[in-house]
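This report describes how two protein chains meet. The sequence and structure are shown first, and the description follows.

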2 protein chains.
Amino acid sequence: MVVLKIGGNVINNPATLHEALDYFAGLIEPAVLVHGGGRRASQVITAMGHEPVLIDGRRVTDRATLEIVTMVYAGLLNKDIVAQLQSRGCNAIGLSGADGNAVQATKRPVGKIDYGFAGDVTAVNAALLDALLRLGMQPVLCPITHDHHGQLLNTNADTIATETAVALAGQGHGVRLQYCFELPGVLKDIHDPSSIIPQLTPQHYAALREEGTIAGGMLPKLDNAFRAVDAGATEVVIGGLAELRQGGGTRCVPG
Amino acid sequence: MVVLKIGGNVINNPATLHEALDYFAGLIEPAVLVHGGGRRASQVITAMGHEPVLIDGRRVTDRATLEIVTMVYAGLLNKDIVAQLQSRGCNAIGLSGADGNAVQATKRPVGKIDYGFAGDVTAVNAALLDALLRLGMQPVLCPITHDHHGQLLNTNADTIATETAVALAGQGHGVRLQYCFELPGVLKDIHDPSSIIPQLTPQHYAALREEGTIAGGMLPKLDNAFRAVDAGATEVVIGGLAELRQGGGTRCVPG
C-alpha cells in the first residue's frame, strides 16, 4: 500500500496539485492520500475579518478559526480533490477524522502555548481504511480530526499520514509512506536543491540535527518519518513529486 | 431502512438540530441522513463580501458561491453533524456526492434562469450506501454533488433524499423516507399548525394544489415525496421531529 501526503505548498499551486493527483490516481497499489491545508485557510480567515495566528508555523486554532479550517480543509479542499480524482477514474472517498471514526485525537494540553482546538492523534481506524480499500475506494484524509465527544480538532497532516502508515503496517500491510512537498528532498544546503541527502539513518539524522544542518520545519517532518520507520513502514521517502515518481528524494531507513 | 432528511430550519437552531440527531442516532434500522444547508451559507457569503442570490427560494450558485456552499455544507455542517453523531455512539460517515461517487448530477441547463453550478441528480450509488451500512456505518449526505468530470454542484437536499430512497428501494430494501422540517406536517391552513393533513394521495394532492391550498415551497417537497411513493418507498412522511417520533405528520400514500 501507499500512503501519500501532499503538503500545503503542493496544494496552493493548481498545476502541482493536478500533477500530484495524476500521480496518486496512477498508483497501482491500494493508496491513501493525506492532504494538508495550504494558504487558502488563512485567506478565508482574513476575508472573514479574523487574524491568522501562527506560532513556529503551527496555527493557533480558536473557535472561529476551527470553523474556518473545517470549512476549507474538510469542505473546499477535500471535496475538490475527491472530485478531481473521481474525474481521473480514481474512486476516491474523502474523510475527516470524524467520518467513520477514521482518526481520533485529543485536544492538545495547554503548555507554554495554547494552540486552542489542535488535535494530537490517538488512533487511526485501520480497519475502516482497509474495508474502504477492499471496496475499491481510495481514502482521502483531510487534517481535521475529532475527539469522539463531538469536538472537531485541527491536526497536523504529516502526523496523520505517519499514524495512518503505522496503523496500516500494524495490520500486516507493507506500507510505503511518501511525503510530497515543495523541495526535492531533505537538503544539506537549503539554498542548493541539488544537495539532496539520498538516504538518512536515525544516527545520521541526529548528527545533522546536532550540527544545525537540518532545522526548522524539517525536524517535525523527519521525526514523523522515523516514527514510521521504527513502526515498520516498508519505505519512507520525502521529496518533490518528480523525485517520488523517479524513485528519488530522501529515503529514511532504519539505523 | 430509513432515509431521514433534515431541512435548513432544523439545522439553523442548535436545539432542534441536537434533537434531530438524537432521533437519528436512536433509530434501530440502518439509516441514511440527508441534510440541507440552512442560513449559515448566506452568512458566510455575506461575511466574505458577496451577495446571496435566491430566486423562488433556490440559490443562484456562481463560482464564488459554489466554493462557499461546498465549505459550509460539506465542511462545517457535515463534519459537525458527523462528530455529534459519533459522540452519540452512531458510526456516521459524511459524504458529498463526489465521495465514492455517492451522488452524481448534471449541471442544470440554463433556461429562463441561470442557476449556475446547480446540480440535477442523475444517479445515487445505492451499492456504496449498502456497503457502508453493511459495515455498520450511517451515511450522512450533504447537498453537494459532482458531475464525475471534476465539477462540484450545489444540489437540492430534498431531491437527494428522494433519489436515495428510490435507489435503495430499487435494490429491494424496504425504505421509510422522512422529511423533517419546521412544520408539523402539510397544513390545510398555513397559519394553523393543528390543520395537519394526516394522509395524502396523489389525487388529493392534485386537488389541493389546484385550489391553491398547497403552494410555494411545499410543491417541490410533495413532488419529491410522490416520486418516492411511485418508486416503491414503503412509507413517505413529512413533519416536524415531534410528529415523526410519534408516527404523526403527513403520510403520502399511493392513489
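Which side chains meet in a salt bridge at 2.9 Å, N to O? In this predicted model, the partners are Asp99(A) and Lys79(B).

## Polar links across the interface

The salt bridge between Asp99(A) and Lys79(B) belongs to a total of four salt bridges between chain B and chain A. Across the interface of these two chains, 14 residue pairs are in polar contact, counting pairs in which both residues have pLDDT 80 or more.

Four elements of chain B, namely α3 (40-47), α4 (63-87), β5 (92-95) and α5 (126-134), each supply at least two residues of the side that touches chain A. The largest share comes from α4(B), with 15 residues. By residue class, this side of chain B divides into 19 nonpolar, 15 polar and five charged residues.

## Extent of the interface

In chain B, 39 residues are in contact with 39 residues of chain A. The area buried between the two chains is about 2900 Å², and carbon and sulfur atoms give 68% of that area. Met71(B), Lys79(B) and Gln86(B) supply 19% of the area that chain B buries against chain A, more than any other three residues.

## Relation between the copies

Chain B is superposed on chain A by a rotation of 180° with 0.0 Å of shift along its axis, at an RMSD of 0.0 Å. The two copies are therefore related as by a two-fold rotation axis.

Of the interface residues of chain B, 100% are also interface residues in chain A, so the copies meet through the same surface.

Conventions:
Residues numbered from 1 in each chain as written. Chains lettered and ligands numbered in written order. Predicted model: local features only at pLDDT ≥ 70, side-chain atom pairs only at ≥ 80, totals over all residues. Heavy atoms only, no water. Contact = heavy atoms within 4.5 Å. Buried area = accessible area lost by both parts, 1.4 Å probe. Polar contact = N/O pair within 3.5 Å; in protein donor to acceptor, adjacent residues only side chain to side chain. Nonpolar A, V, L, I, M, F, W, Y, C, P; charged D, E, K, R; others polar. Least-squares fit on C-alpha atoms with pLDDT ≥ 70 in both.
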